[in-house]
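User: I would like to learn how to read the helices and the sheet in a model such as this one. Please begin with the terms.

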Amino acid sequence: MAREPRSGGDGENRGRGRGRDRDQNRNQPEREQGDELQDKLVTINRVAKVVKGGRRFSFAALVVVGDQKGRVGWGSGKAREVPEAIRKATERAKKGMIRVPMRESRTLHHDVVGVFGAGKVVLRSAPAGTGIIAGGPMRAVFETLGMGDVVAKCTGSTNPHNMVKATFAALSLATSPRSVANRRGKKVADLMGPRKDGAAEAAPEAVANV
């Protein structure tokens with residue numbers, strides 16, 4: 001007689017457990033949507049703080065995060081353990097993401113120059129098939145951004161932090177013809193100038209008149 005209530009209680013607990021499993025399974029797609037971002041570890045450095053009892057070591061990480069569809073961000077984190085430092089840097093990178101306009105979803109619309117401290121980088125648009133021609137820290141930014149064709153050159157400090165920050169300074173200056181036209185209250189065709197094929201059609205008429 002005493003076992004029946006316990007068995008019923010176990011059944012209730014099992015039912016509750018299955019309910020929790022269903023809730024967890026229902027929440028899994030949301031996690032997958034948030035995991036679409038790709039993160040890359042640019043560099044990690046061990047730093048030491050001198051205290052009364054000696055030196056206290058910690059790790060500083062630099063991470064870039066992007067969705068490979070035109071959004072990218074960077075972040076830095078410091079902790080006593082490497083995984084915690086990477087986690088902090090990734091969270092900060094996700095909070096500070098920017099959107100970069102791209103031509104044909106593969107390259108920049110125009111050349112830009114970025115400067116941060118002693119770091120200076122030059123980013124140039126490239127034709128299809130060029131690929132990513134850039135150094136390690138800048139390559140990580142372009143890969144997470146989703147840019148397929150670009151030529152980048154670092155002409156200043158080669159410190160990874162300066163290179164990444166200078167690259168983001170350059171990307172923040174990148175614009176598209178549509179945004180410039182909207183800002184100036186004009187059409188994109190007005191900014192691009194007369195078409196070359198119209199001039200080519202006018203040339204034979206001029207020759208015929210002569």
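Analyst: Contact means heavy atoms within 4.5 Å. Axes are lines fitted to C-alpha atoms, for helices over the stretch in contact, and angles run from 0 to 180 degrees between N-to-C directions. Helices (H or I, at least four residues) and strands (E, at least two) are DSSP runs, numbered from the N terminus. This is a predicted model, where local features need pLDDT of at least 70, side-chain atom pairs count only at pLDDT 80 or more, and totals for chains, interfaces and linings use all residues. Residues are numbered from 1 along each chain as its sequence is written, and side-chain values use heavy atoms, with hydrogens and water left out.

User: How many helices and strands are in the protein chain?

Analyst: The protein chain has 7 helices and 8 strands.

User: In what order do the strands of the open sheet run?

Analyst: Strands of a sheet pair through backbone hydrogen bonds, either parallel or antiparallel. Two strands count as paired if DSSP finds at least two bridges between them. Here 4 strands form an open sheet, ordered β1-β2-β3-β4, with antiparallel pairing. Its edge strands, each pairing on one side only, are β1 (38–51) and β4 (98–99). Between β1 and β2 (residues 54–66) there are 13 bridges in the antiparallel sense. Opposite Lys40 stands Val64 in β2.

User: Which strands does α3 lie across, and at what angle does it run to β1?

Analyst: Helix α3 lies across β1, β2 and β3, at about 140 degrees to β1. Helix α2 (residues 82–95) also lies across β1, β2 and β3 (71–79), and runs at about 145 degrees to β3.

User: Why is α3 described as largely enclosed?

Analyst: Buried means under 20% relative accessible area, exposed over 50%, and partly exposed in between (1.4 Å probe, protein chains only). Helix α3 (residues 136–145) is largely enclosed by the rest of the structure because 7 of its 10 residues are buried. They are Pro137, Met138, Ala140, Val141, Phe142, Thr144 and Leu145. After α3 comes Gly146, with a positive phi near 95 degrees. For the protein chain, 28% of the 210 residues count as buried.

User: Is Ser176 buried or exposed, and where is its place?

Analyst: Ser176 counts as buried because its relative accessibility is 16%. Its place is in the loop between α4 (160–173) and α5 (177–184). Apart from neighbours within four places in sequence, Ser176 is in contact with Pro101 and His109.

User: What share of the contacts joins residues 24 or more positions apart?

Analyst: Among contacts in the protein chain with a separation of 6 or more, such residues account for 54%.
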